[in-house]
Amino acid sequence: QVQLVESGGGLVQAGGSLRLSCAASGRIFTINGMGWYRQVPGKERALVARITSGGLTNYADSVKGRFTISRDGAKNTVSLQMNSLKPEDTAVYYCRLDQYETGWGTRVYWGQGTQVTVSS
């Protein structure tokens, strides 16, 4: 099993910044990628940003130019720097890791989620 522990959520005013971090531990093998998703009540969890083991990134259109994802492969951590936050960024943010496991194929792991609230 893989454990993901997130930190860095909280309350911030519109226009402010927050940095989310996620540390992976446990049975880590060949990581395909790590990323951040967010979810608001009544909606499905949606991609915010993802980074592959090779450093390729992709972002939701709504956060491009404001959020930056980064990864430390040696420490198995992923961070999300969020700038120019807007009230619509308010959500629970989840860290995700997907890796290849022999006999299983690609497996996906999720963190417990961290609340980000942006006040107007």
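Modeller: D89 counts as buried, because its relative accessibility is 1%. Buried means under 20% relative accessible area, exposed means over 50%, and partly exposed is in between, with a 1.4 Å probe and protein chains only. This is a predicted model: local features need pLDDT of at least 70 and side-chain atom pairs count only at pLDDT 80 or more, while totals for chains, interfaces and linings use all residues. Residues are numbered from 1 along each chain as its sequence is written, and side-chain values use heavy atoms, with hydrogens and water left out.

Biologist: Which side chain does D89 meet in a salt bridge?

Modeller: First the general idea: side chains of opposite charge can pair when their charged atoms come close. A salt bridge here is a side-chain nitrogen of Lys or Arg within 4 Å of a carboxyl oxygen of Asp or Glu. D89 forms one with R66, at 2.8 Å from N to O. Strands are DSSP runs of E with at least two residues, and helices are runs of H or I with at least four, numbered from the N terminus.

Biologist: Is R66 buried or exposed?

Modeller: R66 counts as buried, at 10% relative accessibility. A network of salt bridges links R66 and D89 with R38.

Biologist: How many salt bridges does a search of the whole structure find?

Modeller: The search finds six. One of them joins D61 and K64, with N and O 3.1 Å apart. D61 counts as exposed, with 64% relative accessibility. Another joins E101 and R107, whose closest N and O atoms are 3.4 Å apart. Here E101 counts as buried at 7% relative accessibility, whereas R107 counts as partly exposed at 22%.

Biologist: Now covalent links. Which residues form a disulfide?

Modeller: The criterion is a pair of cysteine sulfur atoms within 2.5 Å. A search of the whole structure finds one disulfide. The partners are C22 and C95, with their sulfur atoms 2.1 Å apart.

Biologist: Why is the disulfide left-handed?

Modeller: Because the torsion about the S-S bond of C22 and C95 is about -80°. As for accessibility, C22 is buried with a relative accessible area of 1%, and C95 is buried with 0%.

Biologist: On to the sheet. What is the order of the four strands in the open sheet?

Modeller: Strands of a sheet pair through backbone hydrogen bonds, either parallel or antiparallel. Two strands count as paired if DSSP finds at least two bridges between them. In this open sheet the order is β1-β3-β8-β7, and the pairing is antiparallel. β1 (2-7) and β7 are the edge strands, each pairing on one side only. From one strand to the next the twist averages 15°; axes are lines fitted to C-alpha atoms, for helices over the stretch in contact, and angles run from 0 to 180 degrees between N-to-C directions.

Biologist: Over how many bridges do β3 and β8 pair?

Modeller: Six, in the antiparallel sense. Within this pairing, C22 stands opposite V78 in β8.

Biologist: Which residues does S79 touch, not counting residues up to four places away in sequence?

Modeller: Contact means heavy atoms within 4.5 Å. S79 has its place in strand β8 and touches R19, L20, S21, W36, T68, I69 and S70. S79 is buried, with a relative accessible area of 11%.

Biologist: And the rings. What are the distance of the centres and the angle of the planes for Y37 and W110?

Modeller: A pair of aromatic rings is described by those two values. Rings of Phe, Tyr and Trp (its six-membered ring) pair if their centres lie within 6.5 Å; planes under 30 degrees apart count as stacked, over 60 as edge-to-face and the rest as tilted. A search of the whole structure finds one aromatic pair. The centres of the Y37 and W110 rings are 5.1 Å apart and the planes stand at 80°, so the pair is edge-to-face. Y37 is in strand β4 (residues 30-39) and W110 in strand β10 (residues 105-110), 73 residues apart. Y37 is buried at 13% relative accessible area, whereas W110 is partly exposed at 35%.
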